[in-house]
Amino acid sequence: PLEQLYRQRSKLATVLADEQFTAGKDGVVDSEEFAMVLGLLGIDAVQEPIASLITRFTADGGEQVDYDALLAHVATECKPAAELEREALLAQQREGMVQEFVAIRATDEGTARMFLETAGWGLTAAIDAHLCAEEERKRLERQQAQLVAEFCAAFPGAEEALARERLQSAGWDLGRAEEEEARIRAEAAE
């Protein structure tokens with residue numbers, strides 16, 4: 001019966017979310033109405049363990065069923081054994097992919113998990129995305145190093161740290177960074 005309730009939970013949630021049925025009831029419904037809805041879905045509300053489950057989520061001395069809490073419980077605690085096994089196997093496979101990604105790309109697990117999740121757990125797609133991200137990062141580093149060198153050439157004696165600071169504050173716009181440095185130097189000379 002709990003597996004049946006689990007399989008029917010989305011239909012039950014849809015019926016209970018109907019404003020005509022639950023208007024102004026703040027997540028609770030009369031226990032007789034709740035039993036009627038279960039009956040419409042082919043679930044016997046007086047059969048154990050369903051009856052005990054309903055009793056567990058009643059408020060006001062058994063008059064009202066807190067269906068939000070009951071549905072949340074069903075979604076997490078009443079999964080069929082086969083689905084739990086499938087989820088455990090999937091988690092194990094995903095962990096294996098994380099470890100393989102880490103080994104191939106020499107990165108940390110958090111990064112591997114992020115790229116795998118973004119790629120829908122496709123290992124090849126995740127590795128390709130990581131390679132592209134690394135190439136883009138290296139390209140930006142080269143571009144920034146070039147901008148730092150140009151800034152330092154424009155202001156002899158300027159250290160790289162100062163150049164980076166000015167460029168970062170200018171959004172890596174060399175012209176704006178040079179204008180700001182020229183303004184600061186002019187103010188200091190006065």
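User: What pattern does the chain follow, read along the sequence?

Analyst: This is a predicted model, in which local features need pLDDT of at least 70, side-chain atom pairs count only at pLDDT 80 or more, and totals for chains, interfaces and linings use all residues. Residues are numbered from 1 along each chain as its sequence is written, and side-chain values use heavy atoms, with hydrogens and water left out. Helices (H or I, at least four residues) and strands (E, at least two) are DSSP runs, numbered from the N terminus. Here the pattern is α-α-α-β-α-α-β-β-α-α-α-α-α-α, with 11 helices and three strands.

User: Which residues of helix α4 are buried?

Analyst: Buried means under 20% relative accessible area and exposed over 50%, with partly exposed in between (1.4 Å probe, protein chains only). In α4, residues 31–40, the buried ones are Phe 34, Val 37 and Leu 38. Viewed down the axis of α4, they fall within an arc of 100 degrees, so they line one face of the helix; the arc is that of the directions from the helix axis to the C-beta atoms. Glu 32 and Leu 40 are exposed on the other side of α4. Gly 42, with a positive phi near 80 degrees, follows α4.

User: What radius of gyration does the chain have?

Analyst: This radius is taken over C-alpha atoms, and the globule rule is 2.2 Å times the number of residues to the power 0.38. The chain has 31 Å, whereas a compact globule of 190 residues would have a value near 16 Å. Along the principal axes, its C-alpha atoms fill a box of roughly 85 × 45 × 25 Å. Of the 190 residues, 29% count as buried.
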